[in-house]
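Student: Please guide me through this structure by question and answer, beginning with the terms that I shall need.

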Amino acid sequence: MSNILIVDDNPDILDALDLLLSLHNHSVTSASNAKDALLAVRQKNIDLVIQDMNFSQGMTSGDEGHALFNSLRQEQPNLPIILLTAWTSLDSAVSLVKAGAADYLPKPWDDSKLLALISQYTAHDVAKPVHEPQFIYQSQVMSDLLFQAKKVAKSHINVLISGPNGAGKEQLADIIHHHSPRAQRPLIKVNMGALPHDLMEAELFGCEKGAFTGANERRIGRFEAADGGTLFLDEIGNLSLVGQMKLLRVLQTGEFERIGSSTTQKVDVRVLSATNANLNADVLNGLFREDLYYRLNTIELTLPPLCERGEDAIVLAKHFIGDQFKLTEDAITYIKTHTWPGNVRELQNACQRALIFASNNNVSATDLGAKSSLQPRDEASQIEHALTKHNWVIMSAAKELGLSRQALYRRIEKYNICKPDQGLL
């Protein structure tokens with residue numbers, strides 16, 4: 001269990017993160033300002049900090065976050081710090097990543113990404129200064145894919161990662177970067193699908209002060225932040241045609257200009273991109289440049305959907321619920337037979353939900369969100385069979401049925417099920 005310090009002046013954010021991290025067996029310490037944060041680091045054994053970039057009402061510059069980061073690094077130089085930032089503080093966050101922050105996430109954050117970062121930077125592995133991202137799998141298809149990814153990683157060529165939403169494309173990019181010659185340099189990530197079209201170019205290439213409405217200061221783009229390292233562009237199919245043209249130029253020459261500037265910047269960046277779209281079809285329809293497609297697609301790695309990965313769903317579910325919980329037989333059956341259209345992300349969310357509703361540390365199919373397909377008469381017969389089998393020991397029958405004791409009592413009453421010779425319970 002890791003002790004995580006959360007620094008934010010918004011009590012709703014503190015509560016939300018406290019709940020999320022507590023469900024994943026982390027100990028949480030909260031602070032609403034820089035003074036309390038430094039006091040916590042001095043008095044407690046903090047393993048990781050999640051900090052906002054502003055702590056006073058009306059502040060948007062990120063200067064407060066910058067100052068706290070520097071103070072924390074003076075106290076503990078090796079303490080991992082994850083930054084939470086809005087667009088207005090993006091420039092400050094990127095500069096702090098260059099200065100040694102573990103990573104940053106935009107608000108509102110993605111729970112799965114935040115948990116993955118926490119797992120990465122709180123893994124106590126003294127043998128490696130940089131912790132290897134992990135893929136949880138058992139299937140041969142994933143074994144073959146990861147072998148290919150690690151082999152491709154050793155080169156500097158661009159890689160296109162395709163596959164459905166929630167299958168783990170970002171995690172595969174993490175593994176490629178970790179095994180690449182650029183592993184000690186930044187890995188900068190951009191979710192193109194989450195950005196408004198009018199901000200995509202500024203996000204990638206930066207902008208000068210006054211370049212457009214809302215550009216109140218100069219900002220460096222993700223290409224500059226990733227110089228010498230790797231840039232991961234998720235949902236690349238959302239990039240505008242103008243943005244595609246600029247991206248093609250960077251891939252060809254390493255050169256670009258910030259929006260509103262005539263000064264040419266030059267960078268050395270490896271690009272990993274990901275898509276769940278059919279880029280071939282987009283090329284044919286004039287929505288995606290063919291020359292850019294072939295620049296990005298030097299090597300293509302395809303992640304299969306979870307339903308095509310054999311026993312991986314069970315292995316992943318056991319990982320998500322942890323050692324303190326156990327899957328019931330009906331939960332295992334449900335996991336194996338459900339198609340999981342949302343893939344690993346859907347399974348992870350279902351497991352997080354199940355931990356809230358699970359009884360006696362047993363996770364049932366109902367806890368995972370399964371809807372009973374039994375008719376009332378069938379369900380009543382199933383309950384009677386389980387009760388008879390276990391000699392009306394309620395706890396044992398409930399465990400077999402994947403129900404809590406209270407839920408089983410409610411069903412006994414609902415279906416007017418009577419214990420032989422004793423009447424309704």
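Tutor: Helices are DSSP runs of H or I with at least four residues, strands are DSSP runs of E with at least two, and both are numbered from the N terminus. Please bear in mind that the model is predicted.

Student: In which helix is the place of Asn 343, and is this residue buried or exposed?

Tutor: Asn 343 belongs to helix α15, which spans residues 343–357. Its phi is positive, at about 60 degrees, although Asn 343 is not a glycine. The relative accessible area of Asn 343 is 2%, and the limit for a buried residue is under 20%. In helix α15, Asn 343 is therefore buried.

Student: Glu 235 also has a positive phi although it is not a glycine; what is its relative accessible area?

Tutor: The phi of Glu 235 is about 55 degrees. This residue is found in the loop between β8 (230–234) and α10 (241–253). Glu 235 counts as partly exposed because its relative accessible area is 25%.

Student: Let us turn to the sheets. In what order do the strands of the sheet that contains β1 stand?

Tutor: This sheet is open and has 5 strands, with parallel pairing. Reading across it, the order is β2-β1-β3-β4-β5.

Student: How many residues of strand β4 are buried?

Tutor: From β4 (residues 81–85), Ile 81, Leu 83 and Thr 85 point one way. Ile 82 and Leu 84 point the other way, and the residues on both sides are buried. Strand β4 is therefore largely enclosed by the rest of the structure, the count of buried residues being 5 of the 5.

Student: Which residue in β5 is the bridge partner of Leu 83?

Tutor: On one side, β4 is joined by 4 bridges to strand β3 (residues 48–52), running parallel, and there Ile 50 stands opposite Ile 82. Strand β5 (residues 103–106) also runs parallel to β4 and is joined to it by 4 bridges. In β5, Leu 83 is paired with Tyr 104.

Student: At what angle to β3 does helix α3 run?

Tutor: Helix α3 comprises residues 63–75 and lies across β1 (3–7), β3 and β4. Its direction relative to β3 is about 160 degrees.

Student: What is the strand order of the sheet that contains β6?

Tutor: This open sheet also has 5 strands with parallel pairing. Its order is β7-β8-β11-β6-β12.

Student: Why is one side of β7 and of β12 left without a neighbour in the sheet?

Tutor: β7 (187–191) and β12 (299–302) stand at the edges. One side of each is left without a neighbour in the sheet because each has a single partner strand.

Student: Which residue of β12 is the bridge partner of Ser 162?

Tutor: Strand β6 (residues 159–162) and β12 run parallel and are joined by 4 bridges. The partner of Ser 162 in β12 is Thr 302.

Student: At what angle to β12 does α6 run?

Tutor: Helix α6 lies across β6, β11 (270–275) and β12. Its angle to β12 is about 155 degrees.

Student: Are α6 and α7 parallel or oblique to each other?

Tutor: The axes of α6 (residues 140–153) and α7 (residues 169–178) come within 8 Å and cross at roughly 45 degrees. Their crossing is right-handed. From the angle, α6 and α7 are therefore oblique.

Student: How many residues of the contact of α6 with α7 are charged?

Tutor: Helix α6 contributes Leu 145, Leu 146, Ala 149, Lys 150 and Ala 153, and α7 contributes Leu 172, Ile 175 and Ile 176. These residues include 7 nonpolar and no polar ones, and the number of charged residues is 1.

Terms used
Residues numbered from 1 in each chain as written. Predicted model: local features only at pLDDT ≥ 70, side-chain atom pairs only at ≥ 80, totals over all residues. Heavy atoms only, no water. Axes fitted to C-alpha atoms, helices over the stretch in contact; angles between N-to-C directions. Parallel < 35°, antiparallel > 145°, perpendicular 65-115°, else oblique. Left-handed = near helix turned anticlockwise from the far one by under 90°. Contact = heavy atoms within 4.5 Å. Nonpolar A, V, L, I, M, F, W, Y, C, P; charged D, E, K, R; others polar. Buried < 20%, exposed > 50% of the residue type's maximum accessible area, 1.4 Å probe, protein only. Pairing = 2+ DSSP bridges.
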